[in-house]
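Subject: A structure for you to look at

Hi there,

Here is the structure I promised to pass on. Please open it and keep it in view while you read my notes below.

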Amino acid sequence: MIDTRIDMNRIPRHIAIIMDGNGRWAMERGKERSYGHQAGVESVRKITSECTRLGVEYLTLYTFSTENWNRPADEVAALMGLVLSSLEDEIFMKNNVRFRVIGDIGRLPEAVRAKLHETMDHTKDNTAMTMVVALSYSSKWEITQAVRQIAAEVQQGKLNVDGIDENLVSSHMQTKFMPDPDLLIRTGGEVRISNYLLWQIAYSELYFCDTYWPDFDENCLHEAIASYQNRQRRFGKTEAQVENND
Ligand code: IPE
Ligand code: IPE
Ligand code: MG
């Protein structure tokens with residue numbers, strides 16, 4: 001399907017998504033919250049293949065935050081089970097997608113960690129798109145880790161304080177292998193960032209929609225991309241400067 005709203009020559013290189021609203025989607029149907037998470041996996045499949053088709057290079061999905069560890073134990077267990085069962089090679093191999101993970105992986109159950117490593121290994125040579133799952137992730141945690149590493153390198157004499165610049169900080173983030181997001185989408189109606197990629201979204205275009213994640217489909221994605229393409233990214237410059245490529 002060709003969507004005339006979308007300019008295929010200006011597809012965002014990196015899309016990050018806060019996949020929110022699974023619980024409310026399920027509750028509105030009189031079901032358990034985990035039923036919503038299950039339905040959300042189907043949206044991940046759809047959006048992954050559509051992003052690949054559109055030529056998106058990086059798709060970063062907020063799947064489980066550090067703060068989500070505070071949810072009821074049965075919901076956490078259901079989410080871990082779902083991560084485990086949905087990491088099938090098929091989604092990645094069919095779409096030629098490389099899988100990566102960011103977050104405090106050490107806190108995850110051993111079986112989940114093993115599956116993550118296995119999936120990363122199996123898909124490492126895939127080239128169409130990189131799908132990054134943020135698991136047990138929070139941006140403040142990530143930044144704190146980076147600060148610790150940088151401090152240790154200074155202490156060991158490997159680095160001068162003068163050598164600390166924005167590029168060096170970026171290179172100590174878990175996201176160092178990819179460019180910053182061009183477009184950040186949050187589904188589910190909340191207008192907040194919830195500790196996601198704070199450093200990396202400094203100049204991302206933000207898009208919020210009310211649609212619950214299990215209802216987010218190709219059409220919703222196209223709408224988000226069309227909105228992104230209708231904006232002028234100025235990076236601090238004036239409109240005239242951007243138009244004249246100054
Ligand atoms: C997002 O959906 C998925 C996770 C946070 C794991 P929620 O579970 O937050 O759904 P709502 O926001 O309660 O509807
Ligand atoms: C953010 O959603 C985390 C993920 C989507 C994984 P939450 O539902 O946990 O966010 P808050 O707590 O409502 O801000
Ligand atoms: Mg939520």
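How do the residues of the shell around ligand 1 divide into nonpolar, polar and charged? They divide into 2 nonpolar, 6 polar and 4 charged. Here Ala, Val, Leu, Ile, Met, Phe, Trp, Tyr, Cys and Pro count as nonpolar, Asp, Glu, Lys and Arg as charged, and the others, Gly among them, as polar.

Before going further, a word on how to read this. This is a predicted model, in which local features need pLDDT of at least 70 and side-chain atom pairs count only at pLDDT 80 or more, while totals for chains, interfaces and linings use all residues. Residues are numbered from 1 along each chain as its sequence is written, chains are lettered from A and ligands numbered from 1 in the order in which they are written, and side-chain values use heavy atoms, with hydrogens and water left out.

Ligand 1

The shell around ligand 1 includes Met 19, Asp 20, Gly 21, Arg 24, Arg 33, His 37 and Asn 68; a residue belongs there if one of its heavy atoms lies within 4 Å of the ligand. Some of these residues make polar contacts, meaning pairs of N or O atoms within 3.5 Å. The side chain of Asp 20 has an N or O atom 2.8 Å from an oxygen atom of ligand 1. For Arg 33, an N or O atom of the side chain is also found 2.8 Å from a ligand 1 oxygen. Arg 24 uses its backbone instead, with a polar atom 2.7 Å from an oxygen of ligand 1. Taken alone, ligand 1 exposes 380 Å², and the protein buries 88% of that (areas by the Shrake-Rupley method with a 1.4 Å probe).

Helices (H or I, at least four residues) and strands (E, at least two) are DSSP runs, numbered from the N terminus.

Ligand 2

Around ligand 2 you will find Ile 18, Asp 20, Tyr 62, Phe 64 and Arg 71, among others. By class, this shell has 4 nonpolar, 3 polar and 4 charged residues. Strand E2 (residues 58-65) gives the most to it, with 3 residues. In the side chain of Arg 192, an N or O atom is 2.7 Å from an oxygen of ligand 2. Arg 71 and Arg 186 each have a polar side-chain atom 3.3 Å from a ligand 2 oxygen. On its own ligand 2 exposes 390 Å², of which the protein buries 79%.

Which residues does UniProt mark as "active site"? The unreviewed entry places that feature at Asp 20 and Asn 68. They are spread over 49 residues of sequence, yet they cluster in space, with a largest C-alpha distance of 12.1 Å. The "binding site" annotation, also from an unreviewed entry, covers Asp 20 and Glu 205. UniProt annotations may be inferred rather than shown by experiment.

As for where Asp 20 is, look in the loop between strand E1 (14-18) and helix H1 (22-27).

Happy exploring!

Terms used
Polar contact = N/O pair within 3.5 Å; in protein donor to acceptor, adjacent residues only side chain to side chain.
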